[in-house]
Protein chains: 2
Amino acid sequence: MMNITLKQLRYFEALTRHGHFGRAADTCAISQPALSVQIKELEETLGIVLFERSARHVRLTGFGQEFAERARVILRSVDELGDLARVAQDRMVGRLRIGVIPTVAPYLLPTLIQHLNAKHEGLDVHIRETLTQRLITELLDGRLDTAIVALPVSEPGLTETALFEEKFVLVRQAEDADAPVPSPEGMREMKLLLLEEGHCFRDQALSFCSLRPVLPRDGLDGSSLSTLVQMVGAGIGVTIIPEMAVPVETRSAPVSLARFPGEEPGRTIGMVWRKTSPLAPHLQNIAEVVRDAAEALADRHKDILPA
Amino acid sequence: MMNITLKQLRYFEALTRHGHFGRAADTCAISQPALSVQIKELEETLGIVLFERSARHVRLTGFGQEFAERARVILRSVDELGDLARVAQDRMVGRLRIGVIPTVAPYLLPTLIQHLNAKHEGLDVHIRETLTQRLITELLDGRLDTAIVALPVSEPGLTETALFEEKFVLVRQAEDADAPVPSPEGMREMKLLLLEEGHCFRDQALSFCSLRPVLPRDGLDGSSLSTLVQMVGAGIGVTIIPEMAVPVETRSAPVSLARFPGEEPGRTIGMVWRKTSPLAPHLQNIAEVVRDAAEALADRHKDILPA
DNA sequence: GGCAACGATAAGAAAAACCTATGATGAATA
DNA sequence: TATTCATCATAGGTTTTTCTTATCGTTGCC
């Protein structure tokens with residue numbers, strides 16, 4: 001009788017995530033038949049069927065679910081075994097999987113990647129850009145090593161460290177450049193454009209205006225900051241964006257910028273990782289590199305919108 | 001760059017246990033070069049040396065030790081994955097690794113194996129006979145599924161279940177058959193033959209006589225009950241043996257047997273396994289089979305030394 | 001009924017693992 | 001000091017495993 005192999009568990013795990021042989025095979029970088037065969041072999045070794053194949057769906061059996069949970073733990077432990085080794089040879093080399101939220105990624109990453117390559121030659125940086133919630137899931141699953149998100153996250157299994165503060169600024173039509181900046185309460189009277197549900201920045205903006213979460217209003221929710229700014233330029237309303245996005249997003253639309261007077265709204269961007277990660281000591285160093293990159297970026301653009 | 005495989009971890013683990021490429025290779029049922037190559041490949045994958053090879057010894061490096069701990073956990077989890085599957089298809093089949101202490105094994109096993117084969121066809125029973133302490137270690141390491149030992153064991157990670165009680169009986173020269181049976185205190189005046197250090201039965205016998213553990217007295221400690229009885233037959237002293245050993249051990253030596261009057265000394269034999277073992281539900285059944293076997297055995301010999 | 005999507009199967013090719021034979025090294029021994 | 005022995009590493013060729021491409025069979029859908 002055959003033996004269970006890690007390869008089989010990796011393929012199995014991919015299949016549980018995709019529920020689709022073809023796509024799972026793709027992410028494993030093998031052909032669909034290869035995956036089919038390995039899954040079958042795994043099932044034969046175990047003497048139990050793991051997946052229920054219907055013509056339309058591939059679903060885990062009851063036993064498969066229990067199996068999947070344990071398999072995931074094992075795979076993560078094995079990955080951590082590799083991480084452990086990387087830490088032990090005390091320079092940081094090899095793969096580093098970073099997740100970044102969409103309202104930070106496009107602005108920070110170019111600089112960050114440059115800095116990372118400079119400081120840690122031989123580091124193979126993988127980037128994943130998606131919403132906070134998904135990043136946290138993948139982090140806990142061991143599919144990411146760390147994530148850059150807005151703090152606080154308050155997830156028991158994770159350590160967080162602050163990277164930098166960023167203020168929010170008001171974006172209006174170019175003509176309104178000299179109009180007085182509304183107070184937070186005043187914002188409620190205006191047509192405020194927001195990101196779609198799920199973006200943390202949506203909630204942060206709403207909270208500044210002391211607005212309760214509202215249902216999506218068709219056509220008024222943008223899928224990116226870029227979209228929002230274009231809509232403002234077209235005279236549809238006003239919006240708020242984090243200052244880091246300013247240099248990139250306001251270049252190509254007829255909009256004016258303004259800081260809020262008094263207590264400026266803002267958020268803390270930070271890095272999180274699993275408390276148990278053997279990479280922990282190195283992630284502190286990586287966090288330092290991110291801070292440097294953010295600072296360099298802010299410095300470079302400090303004259304676009306002076307404090 | 002290569003990937004870590006379970007095979008490599010298994011080989012690695014064997015090598016940590018043996019500290020010797022040749023012997024480790026043997027237990028893995030492969031040639032020594034095959035093992036050498038896999039270990040080297042593992043080290044290259046990790047980018048770290050795991051073993052320090054001197055001409056005489058193979059020892060783990062500092063990192064190797066940490067690595068080994070985690071590897072063992074992983075291997076056990078994988079084995080349990082297999083066990084889980086076996087339990088799920090609700091008949092018990094496949095490998096079952098049972099450890100048995102030396103003062104029980106030779107008498108119980110023949111009957112037990114017979115019963116196991118009858119009740120669980122297709123069960124591949126592996127037996128390991130050694131001292132309690134070692135059995136417990138191997139059990140916690142996941143190298144055994146269960147062990148039959150004297151209770152209590154009182155190990156936090158283990159569950160215990162009683163199997164049967166057995167009394168101890170006095171073995172004297174054949175001529176002394178009609179002499180009065182000494183009291184426990186009386187035993188102290190006699191030349192009491194004991195098993196070597198490490199056997200739990202040695203301690204049980206000493207405790208009955210209210211003797212403090214004594215240092216080995218050259219030439220008077222036997223390595224098996226068989227040896228002790230032969231020594232008694234040769235007139236060197238007296239001894240105590242568990243009643244289960246009576247039919248086998250007293251057949252070939254000129255000795256007489258006697259029960260102790262009043263509160264008879266004895267011990268509880270039981271089965272233990274890891275609390276987390278997925279085999280747990282089945283092990284309860286196995287325990288039942290062991291009880292049956294012990295009862296059948298006692299029944300068969302009940303006239304040799306009536307209660 | 002025919003098409004499209006999907007997983008299973010088959011045959012041959014590529015990659016990985018293994019075995020036998022042999023080399024290299026260092027400790028024990030003569 | 002030379003020799004032997006034990007032990008791990010390396011090399012070449014073979015076997016085993018895994019993978020790819022091609023193809024089939026099924027099922028849902030228009």
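Let's start at the DNA: 19 residues surround DNA strand C, and the closest are A:Pro33, A:Ser36, A:Arg53, B:Tyr11 and B:Ser31. Here a residue is near a strand if one of its heavy atoms lies within 4 Å of it. Of the atoms of DNA strand C that come within 4 Å of the protein, 72% belong to sugar and phosphate. Before going on, note that this is a predicted model, in which local features need pLDDT of at least 70 and side-chain atom pairs count only at pLDDT 80 or more, while totals for chains, interfaces and linings use all residues. Residues are numbered from 1 along each chain as its sequence is written, chains are lettered from A and ligands numbered from 1 in the order in which they are written, and side-chain values use heavy atoms, with hydrogens and water left out.

Now look at single polar contacts, meaning pairs of N or O atoms within 3.5 Å. The side chain of A:Arg53 has an N or O atom 2.8 Å from a phosphate oxygen of DNA strand C. Two or more residues of the surface near DNA strand C come from each of helix H2 (21-27) and helix H3 (32-46) of chain A, and from each of helix H1 (6-18) and helix H3 (32-46) of chain B. Helices here are DSSP runs of H or I with at least four residues, and strands are runs of E with at least two, numbered from the N terminus.

What about DNA strand D? It has 20 residues around it, and A:Tyr11, A:Ser31, B:Ser36, B:Arg53 and B:Val58 come nearest. An N or O atom in the side chain of A:Tyr11 is 2.6 Å from a phosphate oxygen of DNA strand D. B:Gln32 reaches a base: one of its polar side-chain atoms lies 3.1 Å from a base nitrogen of DNA strand D.

Finally, step back to view chain A as a whole. Chain A has eleven helices and eleven strands, and its C-alpha atoms fill a box of roughly 80 × 50 × 35 Å along the principal axes. Of its 307 residues, 50% count as buried, that is, under 20% relative accessible area with a 1.4 Å probe, protein chains only.

How values were computed. A polar contact is a pair of N or O atoms within 3.5 Å; within protein, one must be able to donate a hydrogen and the other to accept it, and residues adjacent in sequence count only if both atoms are side-chain atoms.
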